[in-house]
Amino acid sequence: TEPHTRYVALPPEDYEPPRTQYRDAHLLAQNRLPFMTPIVEQTESSLGAATARTERDYFSAKTPCRPGHDRSPMDVDETDADEQWSSPFEEAVADKRKMLQPIRTKTTKGIVTIGGPKPKTTLHTPSAKTSTDGPVHRGPIITDTQCNPMDPQIREAILTALQPPLTSYEGYHEHLDTTSGKTAEIRRYTRQVAQGRKSGAADRVSSSSSSTLALPPLLHFEGIKHAYSVKREVGAGAFAPVYLVENSHPSPTTTDDDDDDNATNENNKHPSSTTTTPHRHRHRLEALKSESPPSAWEFYILRQAAYRLGSSRAAASLVRAHEMHLFRDEGFLVEEFRVQGTLLDLVNAGRAEASAAGAAGGGGGGGGVVVDETVAMFFAVEMLRTVAALHEHGIIHGDLKPDNVLLRLDPPSSSSAVEAADWTPQYARDGAGGWAAKGISLIDFGRGIDLRSFPTDVTFLADWPTSAADCAEMREARPWTFHVDYHGLAAVLHALLFARHLETVAVAPAAEAAPRHGAAETTTTTTTTAGAGALKKSYALKLPLKRYWQTDIWAACFELLLNPAAALADEEGGRFPLTRGMAAVRERMESWLEANCERGVGLKGLLRRIEGAVAQRRRRR
C-alpha cells in the first residue's frame, strides 16, 4: 500500500496551549447565550398514598414535558391573510433563538371530576341547596389552615360542594358518561397545518388543501347550537393546548370585520348572577382550550372572577369564558380570543427590532431596553389595578407571567359616535377619553385559587420541585398566599423593562451591609418567622435599574412586590393583601403618566405603533 501523507499545521512560535480546565469558571461566565432559554417544567409525583391508590394510572401516564410537547406560543408560521394571529409580531422575530421564551409552569397532575366520591379532605357541606341567582358561600369548604391549593383532591372537594352547583352555571355542559376522543384528530390536523406553513407553502395550503390537507375537524357539542371548526393551534401549554376555532353561530351584532380588528369586550356589563347575558355575546373567531385530564377548575375561577368584579373597570381585563364541555377523557373550554398577542410577543418583537438595528449599525444588539418606559408603566398600571381587584375579591391568579397577559387595544366605545372616534392623547387614570378601551387581558387561570373556599387564616405550601421562576416563599418552603402573584407581577414588569426573565438575589439587611451599587433602591428588609427564631430576609433585583428611568417609582414597586411582608404595617389590620401599598404605587405611576404622556411621540403614539404592527401583519399575504 502507498503511504498516506498527513499535513499537520504548526502553531506559531509564541503560541502557548491552555493548561487550565476546559470550562474555566471565569471564562464560562463571559460566554452566556444572548437570550433566555425556557424553564422546562417537570411533572411532580408529590401526591399522597390515598391518591396513588385511587389514581394508579397517574404514575404511568405520559409526561407532557417530553420532546414534542414543549412548544412556544410564538411557534406559529405564515398563514392566510384572513386568519387571526395570536402573535402578530412573529414575522419580526424569525430568529427564535433570540426570543424570550415562555416559562413552563409546574403543576400537580391529577383528574378533577364532578359528582364522584367525596375526597378525604376536611370538607364543609352546606345543609340545603340555595337558589342559582349567584354564588353563595356559607363558610369555608376546605377547613384545613395549611394545604396545597393545587392538589386535585382539594379542587374536587370545592367543585363538588359548590352551592349553587357548577351544573347550574350558564355554558357548563357535563358529559361524564361519554368519551370525546377529539384531541387526537385535532392534533393531527393542526400538525399538518403547521408543517405546511413551515415548508413555505401557505398559499398552497389554501389553494390545494383538498389534496394535501384533511378537512378541519368540526366539533359539535350536545346541548348547544354552536359548531366549532378548528383552524390552527395558537398556544401550547403544559397540559392544555389552545386552538383558534370558527364559531358557526356568532352574535348577530358581530361582523367579521369586528372579529378581525378586535374582540369587543363587554366585561363592563357583568350582571350579578352566574347566568350571565354578556357571555352570550359571541364572535366568529374564538379560542378553544383542550385539557387532558379534564378539569372544570379554570371555568369556575373565570366565572367567579367575572361575577365578583361585576361592572368594575378591572373586569374588562379578564378573558371571558363562554362554555365548558367536560367529558370522561378530556375537557374543552371555549374562551374569548384576542388578536393583539401577549406581552411576551411585544417584548420579543422589541428584542428582534433592537437586534436588527444593532446589526445594521455594526453593534451587537440583542440586549438593553426594547419597550419604552412609558408603555411599560402604562401596562404596569393596568396589571396593578387588575391584580389588586382580584385579591380584594378573594381570587389569586397563581400563574402571572408575560405570556399570560394579552394586549387589549380596542377602539374607544361610547354612546356618541363622535366620542367613540376620539381617543385623546392626554392620559386619564379614570379611563376617560377612550383610555378605558386600552389595557391588558389576563388569561390562563388554571392555577387560580378561590380564597373564599378556605379559612381566613389559611396559608399554602408548595410540595412540588421549585425553580427560580417561583416566589421566594415557595423556594424556601415557607407558607405563602398572595406572594405568588406579587412575584409573578414583578416578573412581568421585569420582562417589560429588561427583556429578561426575573432574577433576584438575597441580600443582607441595610443596617448590616452596605448597599450594592445601582441596586440599593430595589432592596427592602423583610422580617419573617421561620422555625423558632426570626429570620431577616430581603430580596433585590439582580440587574440594576437604568439611571434615566423613573428609578424612585420602579424601586418602590419592586420593593413592594419582592418583599411584601415588609409593607404589612401599612395595611389594614396588618394583613394581606397589599391593597394600600399597590394602590399607592399605581397612583404614583398614574400621576407620572398624566404629566408625561405627551413627551416625544407620546403614549398614544407608541400604542398606535403597536396597533399598526398588528394591522400590518394581518394585511400581508
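In these legends, a contact means heavy atoms within 4.5 Å, and the model shown is predicted.

**View 1. Overview of the whole protein.** The protein contains 16 helices and 16 strands, and of its 621 residues 53% count as buried. Its accessible surface comes to about 28,500 Å², with 51% of that area belonging to carbon and sulfur atoms. Among the contacts with a separation of 6 or more, 76% are accounted for by residues 24 or more positions apart.

**View 2. Phenylalanine 379 and the largest nonpolar core.** Leaving aside residues up to four places away in sequence, phenylalanine 379 touches Leu343, Leu346, Leu407, Gly439, Ile440, Leu496 and Leu607. The largest nonpolar core has 114 residues, and Phe379 is listed together with Met383, Trp554 and Met589 as having the most contacts inside it. Helix H10, spanning residues 373–392, gives this core its largest share, 13 residues. A second, separate core is made up of 14 residues, including Ile186, Val193, Phe221 and Val245. In soluble globular proteins, nonpolar side chains tend to be buried together.

View 3. The structure holds 17 aromatic pairs, and one of them joins tryptophan 423 and tryptophan 435 edge-to-face, at 5.3 Å centre to centre and with 70 degrees between the planes. Both tryptophans lie in the loop between helix H11 (417–420) and strand E11 (438–442), twelve residues apart. Tryptophan 423 counts as buried because its relative accessibility is 3%, under the 20% cut-off, and tryptophan 435, at 0% relative accessibility, counts as buried too.

**View 4. Phenylalanine 327 and phenylalanine 332.** Here the two phenylalanine rings form an edge-to-face aromatic pair, with 6.3 Å from centre to centre and 80 degrees between the planes. Phenylalanine 327 and phenylalanine 332 are both buried.

View 5. Aspartate 470 is found in the loop between strand E13 (459–460) and helix H12 (472–475). With a relative accessible area of 13%, aspartate 470 is buried, and, not counting residues up to four places away in sequence, it touches Trp464, Arg475 and His487. Cysteine 471 is buried as well, with a relative accessible area of 2%. Elsewhere in the chain, cysteine 147 is buried at a relative accessible area of 10%, and the structure holds zero disulfides.

Definitions and conventions:
Residues numbered from 1 in each chain as written. Heavy atoms only, no water. Helix = DSSP H or I, 4+ residues; strand = E, 2+ residues; numbered from the N terminus. Buried < 20%, exposed > 50% of the residue type's maximum accessible area, 1.4 Å probe, protein only. Areas by Shrake-Rupley, 256 points an atom, 1.4 Å probe, with all protein chains shown as cover. Core = buried A, V, L, I, M, F, W, Y, C linked by side-chain atoms within 4.5 Å. Disulfide = S-S within 2.5 Å. Phe/Tyr/Trp six-rings, centres within 6.5 Å; stacked < 30°, edge-to-face > 60°.
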